[in-house]
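Biologist: Hey, could you walk me through this one? I'm new to it and would like to start with a single residue.
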Amino acid sequence: SSNGNKALTVTGNVIVGDGTGSANTAILGNASEEAAQTFGSLTIDSDGKYIATSGTTTITSENSSGYCWWQSGGTLTHSNGTVKYTGSADTVMRGQGFYNLILEGSSSSVDLYVRPHDNVADGDGVFTIANDLTIVEGVLRRNYQPNQLVVTGDVSVENGGTLGTTDATGPNTFGSLTIASGGTYTATSGTTTITSEDSSGFAINHDGTFTHN
């Protein structure tokens, strides 16, 4: 938007670039964007760039290929903002460069599969969130189980939320881990590493279900 404070809502699919140009040929957003953005789905092709709002980008659905977020070698500039999925479909989020990520599915049975994109040089096999991961409702799982999940900040699994599946084998690294009553952490059969603590001084704050695998 011209002043960074106008919300943008696209009910259908948003596609940035078509893969025929050089990097950053097509750009959506700007560094001063603060207002909310809401898209049905978002595709960032190899010649595309999404400069996210410093507020929240909400993804409500998925495209015809079953992806709510498809980053085909394109660039995400996170702007210290939040990406949130609120849809009712089981879907895949494939990309890299997130700051805050929230899963707020329409029910506790909604599956969000996360996968780094192979074309992102520093993300092959590692799905990284630079700040916080919050699972309000639904199940967040890896698209390929040996992949790594790295969250630099706090991981919060709320009532109705689930993180992980019993077949996950790759490592998890979290700043801290909070499992609320009614929330579930299904640990990887590999190693879960906790590197820090939350604002209340807890490395792990567990009131829900912990499945150690």
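Modeller: Asn213 counts as partly exposed because its relative accessibility is 35%; buried would be under 20%, exposed over 50%, and partly exposed is in between (1.4 Å probe, protein chains only). Keep in mind that this is a predicted model, where local features need pLDDT of at least 70, side-chain atom pairs count only at pLDDT 80 or more, and totals for chains, interfaces and linings use all residues. Residues are numbered from 1 along each chain as its sequence is written, and side-chain values use heavy atoms, with hydrogens and water left out.

Biologist: Where is the place of Asn213?

Modeller: Asn213 sits in the segment after β20 (209-211). Strands here are DSSP runs (E, at least two residues), numbered from the N terminus.

Biologist: And what does Asn213 touch?

Modeller: Leaving out residues up to four places away in sequence, Asn213 touches Thr165, Thr166, Thr186, Ala187, Thr188 and Ser189. Contact means heavy atoms within 4.5 Å. With Ala187, the side chain of Asn213 reaches the backbone oxygen at 2.4 Å.

Biologist: OK, new topic. Which residues touch the most other members of the largest nonpolar core?

Modeller: Those are Leu42, Trp69, Met93, Leu133, Leu140 and Leu163, out of 35 residues in that core. A nonpolar core is a set of buried Ala, Val, Leu, Ile, Met, Phe, Trp, Tyr and Cys residues joined through side-chain atoms within 4.5 Å. Strand β14 (residues 148-157) gives the largest share of this core, four residues.

Biologist: What about Met93, what does it touch?

Modeller: Not counting residues up to four places away in sequence, Met93 has contacts including Trp69, Val83, Phe98 and Phe127.

Biologist: How many cavities of 30 Å³ or more does a search of the whole structure find?

Modeller: Two. On a 1 Å grid over the protein atoms alone, a cavity is a set of points where a 1.4 Å probe fits but cannot get out, and lining residues have an atom within 4 Å of a point. The largest cavity has a volume of about 50 Å³, the volume being the space filled by probe spheres set on the points.

Biologist: What lines the largest cavity?

Modeller: Among its lining residues are Leu140, Leu163, Thr165, Thr186 and Thr188. Strand β13 (residues 133-142) supplies the largest share of that lining, three residues.

Biologist: And the second largest cavity? How much space lies in it?

Modeller: About 30 Å³. Its lining includes Ala52, Val83, Phe98 and Asn100.

Methods. A polar contact is a pair of N or O atoms within 3.5 Å; within protein, one must be able to donate a hydrogen and the other to accept it, and residues adjacent in sequence count only if both atoms are side-chain atoms. On a 1 Å grid over the protein atoms alone, a cavity is a set of points where a 1.4 Å probe fits but cannot get out, and a pocket is an open set with protein on both sides within 12 Å along at least five of seven lines; lining residues have an atom within 4 Å of a point.
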